[in-house]
Amino acid sequence: LYSNLIGGFMMILNLFLDGHTHDEVTGRKLWTLICLERLTSKYYNGNEDKMNFGRQEFLHHMVEFLSWDQSECKDCWSS
């Protein structure tokens, strides 16, 4: 269920980012694409505990950045 929600939000985020690639004032790029698969393979070397912790941290920061509601389910974005 949560993977479907995250997938949906990622599609919305993708549409937003595609529409806002450059700063209108300076013309500089606003964001950079990061491949999480490459990061996990480089920094976690198959260590499941570290990889799971990294995923939790990523979700935590993404939820905060996008201001997703957590009032009804504090642990919904924990894994």
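Q: At the start of helix 3, which backbone nitrogen does a side-chain oxygen of Asn47 reach?
A: That of Asp49. In this predicted model, a side-chain oxygen of Asn47 comes to within 3.1 Å of the backbone nitrogen of Asp49.

Q: How many residues does helix 3 have, and how far does it reach?
A: Compare the span from first to last C-alpha with the expected one. Helix 3 covers residues 48–66, which is 19 residues. Its span is 27 Å, close to the 27 Å expected at 1.5 Å a residue.

Q: What follows just after helix 3?
A: Look at the backbone angles there. Ser67 takes a positive phi of about 55 degrees.

Q: Which residues of helix 3 are buried?
A: Buried means under 20% relative accessible area. In helix 3, Met51, Gly54, Leu59, Met62 and Val63 are buried.

Q: Why do the buried residues of helix 3 line one face?
A: Look down the helix axis. The buried residues of helix 3 fall within an arc of 165 degrees, so they line one face. On the other side of the helix, Asp49 and Phe53 are exposed.

Q: Where do nonpolar side chains tend to be in soluble globular proteins?
A: They tend to be buried together. Now the case here. The largest nonpolar core has 5 residues: Ile6, Leu59, Met62, Val63 and Trp68. Helix 3 gives the most to this core, with 3 residues.

Q: Why does Tyr44 count as partly exposed?
A: Check its accessibility against the cut-offs. Partly exposed lies between the buried limit of 20% and the exposed limit of 50%. Tyr44 has 23% relative accessibility, so it counts as partly exposed.

Q: Where is Tyr44 found, and what separates its C-alpha atom from that of Gly54?
A: Tyr44 is in helix 2, residues 36–44. Its C-alpha is 8.7 Å from that of Gly54, 10 residues apart along the chain.

Q: What is the secondary structure of the protein as a whole?
A: Count the elements, then read their order. There are 3 helices and 0 strands. Along the sequence the pattern is α-α-α.

Q: How much of the protein is buried, and what is its accessible surface?
A: Buried residues make up 13% of the 79 residues. The accessible surface comes to about 6,900 Å². Carbon and sulfur atoms hold 57% of that surface.

Technical notes: Residues are numbered from 1 along each chain as its sequence is written. This is a predicted model: local features need pLDDT of at least 70, side-chain atom pairs count only at pLDDT 80 or more; totals for chains, interfaces and linings use all residues. Side-chain values use heavy atoms; hydrogens and water are left out. Helices (H or I, at least four residues) and strands (E, at least two) are DSSP runs, numbered from the N terminus. The expected span of a helix is 1.5 Å times one less than its number of residues. Buried means under 20% relative accessible area, exposed over 50%, partly exposed in between (1.4 Å probe, protein chains only). The arc is that of the directions from the helix axis to the C-beta atoms. A polar contact is a pair of N or O atoms within 3.5 Å; within protein, one must be able to donate a hydrogen and the other to accept it, and residues adjacent in sequence count only if both atoms are side-chain atoms. A nonpolar core is a set of buried Ala, Val, Leu, Ile, Met, Phe, Trp, Tyr and Cys residues joined through side-chain atoms within 4.5 Å. Accessible areas come from the Shrake-Rupley method with a 1.4 Å probe; for residues, only the protein chains shown count as cover.
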